[in-house]
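I opened this notebook page to record what I looked up in the structure. The entries follow the order in which I checked each point.

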Amino acid sequence: MDDTLTIAGREFDSRLLLGTGKYDTFETMRDAVVASGTQIVTIAVRRIDFDAPGEDITSFLPEDVLLLPNTSGCETADEAVRSAKLARAGGLPDWVKLEVIPDARYLLPDPVETLRAAAALVEDGFTVLPYILPDPVLAQKLEEVGCATVMPLAAPIGSGRGLKLRDSIRIIVEQAGVPVVVDAGLGAPSHAAESMEMGADAVLVNTAIARAEDPIAMAGAFRLAVEAGRTAFHAGVMEEQAPTPSSPIGGTV
Amino acid sequence: MDVNGRKEELAPGETVATLLARLGLEAGWALVERNGEPVERARYAEIELEDADRLVVARPVAGG
């Protein structure tokens, strides 16, 4: 069955997006990226510390993987637009994971500034993938201004708590005309599988893989979970119901 | 010239490209903003810098 993920006209075989943060080494990150089968990875943009420039992360990433610059660290729409334009001018793709996070404690995104930045970036020719609280009204407004996806969080970034806001995500999935990527808070492959069973189009995972005891094996586990969840979605997950026996009631010996 | 908050002496005929090379960054994905405006990578070799310039030099790093 042809089941490609299409974002802004570009097709992907994998429905697992990976963040590149929090790995102990770039070598482990690279091996996890390969093991996950992902075709889209996020990166951040930061000022160079000339006293400790470090290594170039892009040299560790497979060439056929799409680099998706994020706007992490930005607290306002203006800062996010500036970051995205800097990345694009410097030769990175004109795709952007838009995140506007003024809240350092819970790391929750600002919906008003996110919508404002999204409109400006779409107008400027960017392919915009906004990271949001799972607010179905906001998701629709982002779609209306031309965002390529919506990316509702399952739980706060790095928390690993799973689908705490599943009912709202379910509404977004039901209403969205663009791919829905569940992003942030997924702690285990089962969380990713459940997201896909619900009809999400993809998931984005970082901490759960990067901080696993064996990140490369965990990347493979998430790959399988995403595939299993997607297959189950197509197969039609049964509705919950009252208990019914699976074996014949009569004729017992 | 101010580069990431640090004073840098301007070399004669300095361009964005020669500055990046001098800083050892020619091979990487250096991202440059000059006086608040992003600089297109294709123009790094042609934009001559001035003493009053304020540059931000950034790069891709690991992130989620």
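I began with what the buried residues of helix 1 of chain A pack against in this predicted model.

I then listed the buried residues of helix 1 (residues 26–36) of chain A: Met29(A), Ala32(A), Val33(A) and Ser36(A). Viewed down the helix axis, they fall within an arc of 105°, so they line one face of the helix. I noted the general rule that an α-helix has 3.6 residues a turn, so residues three or four places apart point the same way.

Next I turned to the contact between the chains. I noted 28 residues from chain A and 22 residues from chain B. On the side of chain A that touches chain B, strand 4 of chain A gives the largest share, six residues. By class, that side has 14 nonpolar, ten polar and four charged residues.

I followed strand 4 of chain A across to chain B. Five bridges join strand 4 of chain A to strand 5 of chain B, and the two strands run antiparallel. I located Ile43(A) opposite Ala62(B) in strand 5 of chain B.

Last, I checked chain A as a whole. I counted eight helices and ten strands in its secondary structure. Its radius of gyration is 19 Å, close to the 18 Å that the globule rule gives for 253 residues, so chain A is as compact as a globular protein of that length. Of the 253 residues of chain A, 47% count as buried.

Methods:
Residues are numbered from 1 along each chain as its sequence is written. Chains are lettered from A and ligands numbered from 1 in the order in which they are written. This is a predicted model: local features need pLDDT of at least 70, side-chain atom pairs count only at pLDDT 80 or more; totals for chains, interfaces and linings use all residues. A residue is buried if 20 or more other C-beta atoms lie within 10 Å of its own, exposed if 12 or fewer, and partly exposed in between; C-beta atoms are placed from the backbone. Helices (H or I, at least four residues) and strands (E, at least two) are DSSP runs, numbered from the N terminus. The arc is that of the directions from the helix axis to the C-beta atoms. Two residues are in contact if their C-beta atoms, placed from the backbone, lie within 7 Å. The radius of gyration is taken over C-alpha atoms; the globule rule is 2.2 Å times the number of residues to the power 0.38. Ala, Val, Leu, Ile, Met, Phe, Trp, Tyr, Cys and Pro count as nonpolar, Asp, Glu, Lys and Arg as charged, and the others, Gly among them, as polar. Two strands pair if DSSP finds at least two bridges between them.
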